[in-house]
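Dear colleague,

Please find below the sequence and structure that I am handing over to you. My notes on what was found follow directly after.

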Amino acid sequence: MQQHLIPLRTRLRLLHAVSLVALVLAILMVAFHAGRALVEMDMAVPALLLVVGLTTIDRLEAERDHPPKLAPLIAIVGCDGSGKSTLSADMRATLAAEIPTEVCYLGLGSGELGNRIRQWPLIGPRVEHALARKAKQTRSKEKTIPGLPTALVVFAFSLLRLHRFQRVLALRRKGVTVITDRYPQTEIAGFYDGPGLAAARAGSPVVAWLAEQERHIYEWMASFLPDVVLRLNVDAETALMRKPDHKPDLLREKVRVTPLLRFHGARIVDLDARVGYDSVRREAFARVEPILTHADPLRVAA
């Protein structure tokens, strides 16, 4: 991994200070420009998440250079509606009877957050529409990220994912086998658990700097290879039938890119999630059992 003149820990502490300033500005914006703040209030959320997230990652640099021995990791990936949550919970309940096992969610829950915002009285649909429009623009390669507040939102969510990833490592250091619902990757930018600021153009030096820091974080997370990736494959029609509240265009794009993910050469098992769950479960357990028996104590991407 590329080395930098300024240690990653120092750069993140600088971001901590920047986030405090952003939080103060957000509070002033809410206090003196309440009408506009209803649409732009996404600045307060990332600032707060930056403060919380940055306090959890002091060991990141040391772990990159001197990774500990880790218990096995099973990553379950696939489009929304493929059955990731069902299989991960089922697998945890079964394996926990024999070995310490936990499930960790490595997604962001941004879609569910949007649904909750939409239900706010009076202002909910307007705010959710504004946020969805900015998110779509940020995912588009031909577009420009719509300003620093949006970039802070995206970066804050990436730090939330980093915080969850740190918990995965903490459990594995204790000898706990971890099953993850989703897994960070660096191959597809803008969505699907990839870096959120790497798709659209930055638009300013500050946003470009945030995008660079986010890229380093995702490269570090993705460098820890799962012992096996269970890739649940569905078609767009099946995904839409199971997740009718999701955006059809985004589901179709996730279905399209799912087979393209390689996770730095990790062992991938493809499962047809269109069939009945019993068949998926049976094949998943059959593939996982020998891998857990002969799992390497640590797998890190070169």
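I begin with Asp80. Leaving aside residues up to four places away in sequence, Asp80 touches Arg182, Ala239, Lys243, His246, Leu251 and Lys254. Please bear in mind throughout that this is a predicted model. Asp80 sits in the loop between E1 and H5 and is buried, its relative accessible area being 10%, below the 20% cut-off. Two of the residues that Asp80 touches are also its partners in polar contacts: its side chain meets the side chain of Arg182 at 2.8 Å, and a polar contact of 2.9 Å links its side chain with that of Lys254.

Arg182 deserves a note of its own. This residue is found in the loop between E3 and helix H9 (residues 205–222), and it is buried, with a relative accessible area of 15%. Most residues other than glycine have a negative phi. Arg182, although not a glycine, has a positive phi of about 85°. Phe263 likewise has a positive phi, near 50°, and is a residue other than glycine. Phe263 belongs to the loop between helix H11 (residues 248–257) and E5, and it is buried at a relative accessible area of 4%.

Helix H12 can be described in some detail. Which residues of H12 are buried? They are Val280, Ala284, Phe285, Val288, Ile291 and Leu292. Viewed down the helix axis, the buried residues of H12 fall within an arc of 135°, and therefore they line one face of the helix. The face turned away from that buried side carries the exposed residues Asp278, Arg282, Ala286, Glu289 and Thr293. As for what the buried residues of H12 pack against, the partners are strand E1 (73–78), helix H5 (84–95), strand E3 (177–181), strand E4 (228–233) and strand E5 (268–272).

Met221 is located in helix H9 and is buried, with a relative accessible area of 0%. Not counting residues up to four places away in sequence, Met221 touches Arg161, Leu162, Phe165, Tyr183 and Pro184. Between Met221 and Thr186 there are 35 residues of separation in sequence, while their C-alpha atoms are 9.3 Å apart in space.

Turning to the protein as a whole, it has twelve helices and five strands. Of its 302 residues, 47% are buried. Among contacts between residues at least 6 apart in sequence, 81% join residues at least 24 apart. The protein exposes about 14800 Å², with carbon and sulfur atoms supplying 59% of that area.

Finally, a word on confidence. The average pLDDT of the protein is 78, and 66% of the residues score at least 70. For residues 1–5, pLDDT stays under 50, and the model has ten contacts beyond four places in sequence for this stretch. The pLDDT is also below 50 over residues 29–44, a stretch that has 26 contacts in the model beyond near neighbours in sequence.

With kind regards

Notes:
Residues are numbered from 1 along each chain as its sequence is written. This is a predicted model: local features need pLDDT of at least 70, side-chain atom pairs count only at pLDDT 80 or more; totals for chains, interfaces and linings use all residues. Side-chain values use heavy atoms; hydrogens and water are left out. Buried means under 20% relative accessible area, exposed over 50%, partly exposed in between (1.4 Å probe, protein chains only). Helices (H or I, at least four residues) and strands (E, at least two) are DSSP runs, numbered from the N terminus. The arc is that of the directions from the helix axis to the C-beta atoms. Contact means heavy atoms within 4.5 Å. A polar contact is a pair of N or O atoms within 3.5 Å; within protein, one must be able to donate a hydrogen and the other to accept it, and residues adjacent in sequence count only if both atoms are side-chain atoms. Accessible areas come from the Shrake-Rupley method with a 1.4 Å probe; for residues, only the protein chains shown count as cover. pLDDT is the predictor's confidence in each residue, from 0 to 100.
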